[in-house]
Amino acid sequence: MSTHDEWSDWAAQWRTQPVVDIERLRRRTLAKRWRMLAMVVFETVTAIGALVQTGWLFAHPGLGLRWKLFATGGTVLVVVMWSITLWLRRGTWRAAGSRVAELLRLDARRARAGIRLAQAQLWGFAALLVGVAVLAWPSLQPSAWMHDEALRRLLLVQIGANAPIVLGGVVFCLWYIRRQRRRLARIAQLTAELGMV
Amino acid sequence: MGARNRFAEVLQAHGGLMSRIAASYEADPALRDDLLQEIALALWRALPGWRGEAGLRTFVARIAHNRGASHVLGEQRRPRPGALPEDLPDPGIAPEQHAHARQEGARLQAAVRALPLALRQAVTLALEGFSHAEIADALGIRVNAVDVRLSRARQALREQLGESA
């Protein structure tokens, strides 16, 4: 069989694949676009709500300096988390009209940026822990909570509520860094496969 | 013409091409459906930027392959070379000849998925009837690189499909 005939046969076989339902695809694509927009709006409104709440807390006249500092820390954390979320989502919003080689380079840059962000987030957790420990140091002394049932309960609630969040965050960051490193290795492999090195 | 109408027209004209390119990246039907949606969404966003510097079909193919490459980065489920699936689609009540054609098509599809990315991208476009110049344009490579890739792909497909030259 000649090369031309072989390609013609394969091309004929290739087109025997099931026909896609275009109308369904169009509807689902538009619905997905709206869902993505709605998610960004929801996250933005939530972040603004959190900022307003911490701002209100900060401006409250009866609040001591310690808790004002805590409110400031909370505000910074909200802003940082929101920025990270938007940053990570950038890749899902981009137009994909450029070539595969450029796309892979872009993906590699983003994976490296993601690793740096996750590492920064780990340092952020460490700073948060140290900050909270310094602020709450007087209340953490055994002499303070040993004979104060209310304080003891408050400390237990705070530790019980926040420790899983911080621990979960640390585990997520470590998992994310590992995933991005695997992604970088895969990009290098694909780049080599495409003969671009 | 509204953006929605334009998008619907392009989908109507090139939906089949997008679907077959998605199938060359993903064997699992549900994940393939997701990938096809991702391709369609990327097309929706990229379409306003199309200025006609490349043919629309080439533009669509480039977007589909870019999304496909991103998909491969995330998760790779294509079978290993030489491991073509035995569970080919049930021909149902279709006539015997039609069933045979579908089986051959499914075998070819699996063989294409088993190719390395560079060969797979060139092959899917060749099977869609793109000229070598159009393939080069869509993939951002030289025409002689297309020749080399298609020649290697042909050899690999022959081995995969167990056909004599």
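This is a predicted model: local features need pLDDT of at least 70, side-chain atom pairs count only at pLDDT 80 or more; totals for chains, interfaces and linings use all residues.

**Salt bridges, inside and across chains**

Analyst: The partner of Glu128(B) is Arg20(B), and their side chains form a salt bridge at 2.5 Å, N to O. Arg20(B) sits in helix 1 (residues 3–25) of chain B and Glu128(B) in the loop between helix 5 (117–127) and helix 6 (132–139), so this pair ties together parts that are 108 residues apart in sequence. Arg20(B) is buried as well, at 16% relative accessible area.

That one stays within chain B, so let's move to the place where the chains meet. There, 43 residues of chain A are in contact with 63 residues of chain B. The two chains bury about 4,800 Å² between them, and 59% of that is on carbon and sulfur atoms. On the chain A side, Trp7(A), Trp10(A) and Trp14(A) lose the most area to chain B, together 16% of what that side buries.

Now for the charges. The count over all chains is 12 salt bridges, and 5 salt bridges turn up across the interface of chain A and chain B. One of the pairs is Glu6(A) with Arg154(B), at 2.6 Å from N to O. This pair runs from helix 1 of chain A to helix 7 (residues 143–161) of chain B. Glu6(A) has a relative accessible area of 0%, so it counts as buried, and Arg154(B) is buried too, at 16%. Arg158(B) also joins in: Glu6(A), Arg154(B) and Arg158(B) are linked in a network of salt bridges.

Next up is Lys32(A) with Glu38(B), where the closest N and O atoms are 2.6 Å apart. Lys32(A) lies in helix 2 of chain A and Glu38(B) in helix 2 (residues 29–46) of chain B, so here again a pair joins two chains. Lys32(A) counts as buried at 17% relative accessibility, whereas Glu38(B) is partly exposed at 25%. Arg24(A) and Asp33(B) form a salt bridge as well, with their closest N and O atoms 3.4 Å apart.

Several helices of chain A give two or more residues to the side that touches chain B, among them helix 1 (3–14), helix 2 (22–59) and helix 7 (149–193). Helix 2 of chain A gives the largest share, 11 residues. By class, that side has 21 nonpolar, 9 polar and 13 charged residues.

How values were computed: Residues are numbered from 1 along each chain as its sequence is written. Chains are lettered from A and ligands numbered from 1 in the order in which they are written. Side-chain values use heavy atoms; hydrogens and water are left out. Contact means heavy atoms within 4.5 Å. Buried area is the accessible area (1.4 Å probe) that two parts lose on being put together, summed over both. A salt bridge is a side-chain nitrogen of Lys or Arg within 4 Å of a carboxyl oxygen of Asp or Glu. Helices (H or I, at least four residues) and strands (E, at least two) are DSSP runs, numbered from the N terminus. Ala, Val, Leu, Ile, Met, Phe, Trp, Tyr, Cys and Pro count as nonpolar, Asp, Glu, Lys and Arg as charged, and the others, Gly among them, as polar. Buried means under 20% relative accessible area, exposed over 50%, partly exposed in between (1.4 Å probe, protein chains only).
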